[in-house]
Amino acid sequence: QAQLVESGGGLVQPGGSLRLSCAASGSIFSINGMGWYRQALGKQRDPVAVVTGGGSTKYANSVKGRFTISRDNAKNTVYLQMNSLKPEDTAVYYCYAEVTTTSRRKYDYWGQGTQVTVSS
């Protein structure tokens, strides 16, 4: 079993910045891909950014050049640096991790979600 705990959401004005963090803990042998999704009110959950175990990254077109995903493998933590935020970035942000447990089973785990609101 593993758990993901997110932090860093909040209210920010347009053009501002926020940094989200997501720490994985529990019976973790290794983590492959990690990433962030978001879900705006009344809409589906969409991918925002992902980082592979090898460090390759991929972004949604809507956030390219503004958001940066990174990970600290020693801490089993993934980050999302969000700059130049826009009102349309308002959503609940969820992190996920592709975990291999100490029993060598593979699961996808999700965080509980953190609210990001961009408004003046």
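A charge sits over a ring if NZ of Lys or CZ of Arg is within 6 Å of the ring centre and within 35 degrees of the ring normal. Keep that in mind while looking at this predicted model, where R45 has its charged end over the ring of Y94, 3.6 Å from the ring's centre. R19 and Y79 give another case, with 4.1 Å from the charged end of R19 to the centre of the Y79 ring. Here they are together:

| Charged residue | Ring | Distance to ring centre |
|---|---|---|
| R19 | Y79 | 4.1 Å |
| R45 | Y94 | 3.6 Å |

The structure has 4 aromatic pairs. One of them joins Y37 and W110 edge-to-face, at 5.1 Å centre to centre with 75° between the planes. Y37 belongs to strand β4 and W110 to strand β10 (residues 106-110), so this pair ties together parts that sit 73 residues apart in sequence. How accessible is Y37? Its relative accessibility is 22%, so Y37 counts as partly exposed. W110 also counts as partly exposed, because its value is 39%.

On to the pockets. The largest one has a volume of about 150 Å³. Its lining takes in 14 residues, and R38, A40, K43, D46 and E88 lie nearest the centre. Sorted by type, the lining has 5 nonpolar, 4 polar and 5 charged residues. Which strands each supply at least two of the lining residues? Those are β4 (28-39) and β5 (45-51), and β5 gives the most, with 3 residues.

Terms used. Residues numbered from 1 in each chain as written. Predicted model: local features only at pLDDT ≥ 70, side-chain atom pairs only at ≥ 80, totals over all residues. Heavy atoms only, no water. 1 Å grid on protein atoms, 1.4 Å probe; cavity = no way out; pocket = protein on both sides within 12 Å on 5 of 7 lines; lining within 4 Å. Points joined across faces, edges and corners; volume = space filled by probe spheres on them. Helix = DSSP H or I, 4+ residues; strand = E, 2+ residues; numbered from the N terminus. Nonpolar A, V, L, I, M, F, W, Y, C, P; charged D, E, K, R; others polar. Phe/Tyr/Trp six-rings, centres within 6.5 Å; stacked < 30°, edge-to-face > 60°. Buried < 20%, exposed > 50% of the residue type's maximum accessible area, 1.4 Å probe, protein only.
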